[in-house]
Amino acid sequence: MEDELDEVARTANFSGVVRVEQDGAVFEKAYGLAHRGYNIANTVGTRFAIASGCKAFTALAVVSLIDDGTLSYDTKARELLGDDLPLIDDEVTVRHLLAHRSGIGDYFDEEVITDINEYVLPVPVQNLLHIEQYLAILDGYPQKFPPGTGFAYNNGGYVVLSLIAERASGVPYHDLVRQRVCEPAGLAGTEFLRSDSLGEGTAIGYLPIDGEWRTNVFHLPIRGGGDGGIYTTAADVSAFWRAFFAGRIVSEQQVAEMVRPHSEIPEDKLRYGLGFWLHESTSEVQLVGWDAGVSFKTVHQPETGITRTVLGNTSDGVWPVARFLNGIRR
């Protein structure tokens, strides 16, 4: 397998880390560079941004507040938003937002934005450090359909969730994720980092512009929000899956609810729970992230404990590797 994997990685110009856990054994290998300017190689312990993989962390922070009674699935967003974001339907609930069934307008609508490398935020990236600052880019998007009547993947909805969680708990969102998700799961290498201060052992994201590799520092918020932006390691991803299904982050009752299908997406051969993608017919659970200079996919089989994770610091490098690993599944 390793020789074939090496060839797939070479052909795809893959830069990142692969980790497979199966039958008590762990295979992991790093490829490419974490910092192209200083020729610093990725290692199996390098931290990578995971883009929308972060949505599971947001969902778990919110559901932990449901577990302790601070919120409920039926809490209406308007109760926490007040006069902010007036175009959001007053009937939108926390459950709608978690399941991508809110119908609200999306500031980053993936049906409209087809070239991730060309997208530029409507405000300077350095102005997106705290969750309340995201209001400036969330406002002005009309409701697309009545809440609860359909599925539409929605990045803005998860930023709204992070705002609701912050206001309901009185704890800043980034601290809330650390306290409610990372610490219970033992994720020592996982946190929200500033893109202009990533620190040692962290991969910089790269994308091709005008025939050269450039960093993604001008393409993403300086610090991620509810829809993406946390950094993690391959080992922490595995630890995350173990902790989640063991009920160490939220109760086992809530785990079951989060991985219960809430929507069918036949065109993608997938289903969706609350913060998690689900296989179309099995219990397999997935997290996927894609952004300028970021690609990520992890797949976990709860019954067998098999986990396959690929993290990358380019926009598209992960997908050929993830497809290869999917082809050797048991």
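Does Arg-78 count as buried or exposed, and at what relative accessibility? Arg-78 counts as buried, at 19% relative accessibility (buried means under 20% relative accessible area, exposed over 50% and partly exposed in between, using a 1.4 Å probe and protein chains only).

## About the model

This is a predicted model, where local features need pLDDT of at least 70, side-chain atom pairs count only at pLDDT 80 or more, and totals for chains, interfaces and linings use all residues. Residues are numbered from 1 along each chain as its sequence is written, and side-chain values use heavy atoms, leaving out hydrogens and water.

## Salt bridges

Arg-78 pairs up with Asp-90 in a salt bridge, 3.0 Å from N to O (a side-chain nitrogen of Lys or Arg within 4 Å of a carboxyl oxygen of Asp or Glu). Asp-90 is partly exposed, at 44%.

The structure has 20 salt bridges. Another one joins Lys-144 to Asp-109, with the closest N and O atoms 2.9 Å apart. Here Lys-144 is partly exposed at 43%, while Asp-109 is buried at 13%. Then there's a network: Arg-19, Glu-21, Glu-28 and Arg-242 are joined by salt bridges that share partners.

## A contact between residues

Now for a meeting point elsewhere: Glu-4, Leu-5, Val-8 and Ala-9 in α1 touch Pro-320, Val-321 and Phe-324 in α10 (contact means heavy atoms within 4.5 Å; helices are DSSP runs of H or I with at least four residues, numbered from the N terminus).

Note on methods. Helix = DSSP H or I, 4+ residues; strand = E, 2+ residues; numbered from the N terminus.
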